[in-house]
Amino acid sequence: MKVYINGQFFLKEEAKISVFDHGFLYGDGAFEGIRSYDGLVYKLDEHIDRLMESLHTLMIRLPMTQDQLKKDVIKTLQVNKLTDAYIRLIVTRGEGDLGLDPRKCRGNAGIVIITDKITLYPAELYENGMEIITVPTVKNHPEALNPELKSLNYLNNILAKIEATNVGYNEAIMLDSNGYVTECTGDNIFILKDGVLSTPVYGRLKGITRQAVIELAQKNRIEVQQRAFTRHEIFNAQECFLTGTAAEIIPVVKLDGRLINDGKPGAVTLKLIKGFKAMTRTDGVKYKI
Ligand code: PXG
């Protein structure tokens with residue numbers, strides 16, 4: 001496996017960045033998690049657009065054109081001969097002196113592209129659904145560190161993940177400081193009630209898979225509402241599922257000990273999983289290895 005660092009490829013063992021990089025020192029940077037399926041990079045433009053928004057907020061200048069960055073993502077897949085991959089694209093503030101001030105980083109931002117084989121949750125969880133819990137760690141306030149910003153500082157989510165795995169759960173719901181549901185540690189959340197799909201509108205990452213599922217549902221004439229809701233609505237929903245690049249779509253059948261409906265993945269969830277699978281095998285930026 002070879003790793004792309006600033007235009008050059010390095011063996012995994014030799015792929016290293018400076019300890020003075022502000023991405024390492026302060027989590028100062030942004031990233032994307034992208035996937036390719038069967039020689040197609042799924043939603044590459046959307047991922048690059050979201051990355052550009054993160055960089056704009058962080059006031060980090062991309063040291064190349066967006067087009068070149070997309071080409072380099074594909075080149076990394078080709079160098080590693082991967083048709084089905086997980087792609088981690090990282091932009092860091094770059095090397096600087098000690099001290100928070102980004103002006104201490106006089107060089108360019110750093111670009112790293114890691115490609116790897118995909119790791120999904122166990123197949124059993126896709127068939128039978130997942131049990132999740134709500135954790136005490138509250139989601140970052142949007143005016144502290146906005147969850148829409150996919151920054152290299154993921155400690156809020158990591159703390160929540162630790163709280164979930166400590167008690168034997170794979171995923172956790174995080175609430176905002178008013179008690180509304182935001183998302184999970186690496187996935188967005190949807191519920192279905194009376195034929196209407198709902199997903200939180202504030203305080204969560206604007207997931208690419210979330211958007212794809214919204215569009216897929218609308219194509220299937222399912223109404224979608226982006227709105228605030230509480231755990232009470234999840235307990236009493238007919239269906240619930242999570243979406244994310246890594247997880248794709250995974251059914252949720254129990255939250256905080258409450259069965260959701262009959263505790264089995266719902267019909268709409270299964271239909272969306274099928275539609276999403278088909279989409280990932282046909283849409284995307286084609287590449288040859
Ligand atoms: N919420 C959060 C906090 C995320 O980090 C999502 C939602 C889903 O967004 P997308 O755009 O992927 O539909 C994410 C995405 C990993 C990994 O390595 C994490 C994500 C994506 C891919 C891999 O754990 N998070």
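**Figure 1. Thr185 in the loop between β9 and β10.** In this predicted model, Thr185 is part of the loop that lies between strand β9 and strand β10, the latter formed by residues 188-193. The relative accessible area of Thr185 is 8%, and a residue counts as buried when this value is under 20%; Thr185 is therefore classed as buried. Its side chain is joined to the side chain of Glu171 by a polar contact of 2.8 Å. When neighbours within four places in sequence are left aside, the residues in contact with Thr185 are Tyr154, Asn157, Ala160, Lys161, Glu171, Ala172 and Met174.

**Figure 2. Helix α5 and its buried face.** Helix α5 consists of twelve residues, 155-166. From the first C-alpha to the last, α5 reaches 16 Å, close to the 16 Å expected at 1.5 Å a residue. Four residues of this helix, Asn156, Asn157, Ala160 and Ala164, are buried. Viewed down the axis of α5, the buried residues fall within an arc of 90°, and so they line one face of the helix. This buried set packs against three strands: β7 (130-134), β8 (172-175) and β9 (181-184). Leu155 and Asn166, on the other side of α5, are exposed. Just after the helix, Gly168 adopts a positive phi of about 85°.

Figure 3. For Thr245, an N or O atom of the side chain is 2.5 Å from an oxygen atom of the ligand. For Thr209, the corresponding distance between a side-chain N or O atom and a ligand oxygen is 2.6 Å. For Tyr86, a polar side-chain atom lies 3.1 Å from an oxygen atom of the ligand. On its own, the ligand has 530 Å² of accessible area, of which the protein covers 86%.

**Figure 4. Asn188 in strand β10.** Asn188 belongs to strand β10. Its relative accessibility is 5%, and Asn188 thus counts as buried. Two polar partners of its side chain are shown. One is the side chain of Glu183, with a polar contact of 3.4 Å; the other is the backbone oxygen of Leu205, which the side chain of Asn188 reaches at 3.0 Å. Not counting residues up to four places away in sequence, Asn188 touches Glu183, Arg204, Leu205, Gly207, Arg210, Phe241, Leu242 and Thr243.

**Figure 5. Leu55 in helix α2.** Leu55 is a residue of helix α2, which comprises residues 44-58. With a relative accessible area of 1%, Leu55 is buried. Gly29 is 26 residues apart from Leu55 along the chain, and the C-alpha atoms of the two residues are separated by 7.6 Å. Once neighbours within four places in sequence are left aside, Leu55 is in contact with Ala30, Ile60, Leu62 and Val91.

Note on methods. Residues numbered from 1 in each chain as written. Predicted model: local features only at pLDDT ≥ 70, side-chain atom pairs only at ≥ 80, totals over all residues. Heavy atoms only, no water. Helix = DSSP H or I, 4+ residues; strand = E, 2+ residues; numbered from the N terminus. Expected span 1.5 Å × (residues − 1). Buried < 20%, exposed > 50% of the residue type's maximum accessible area, 1.4 Å probe, protein only. Arc of directions from axis to C-beta. Contact = heavy atoms within 4.5 Å. Polar contact = N/O pair within 3.5 Å; in protein donor to acceptor, adjacent residues only side chain to side chain. Areas by Shrake-Rupley, 256 points an atom, 1.4 Å probe, with all protein chains shown as cover.
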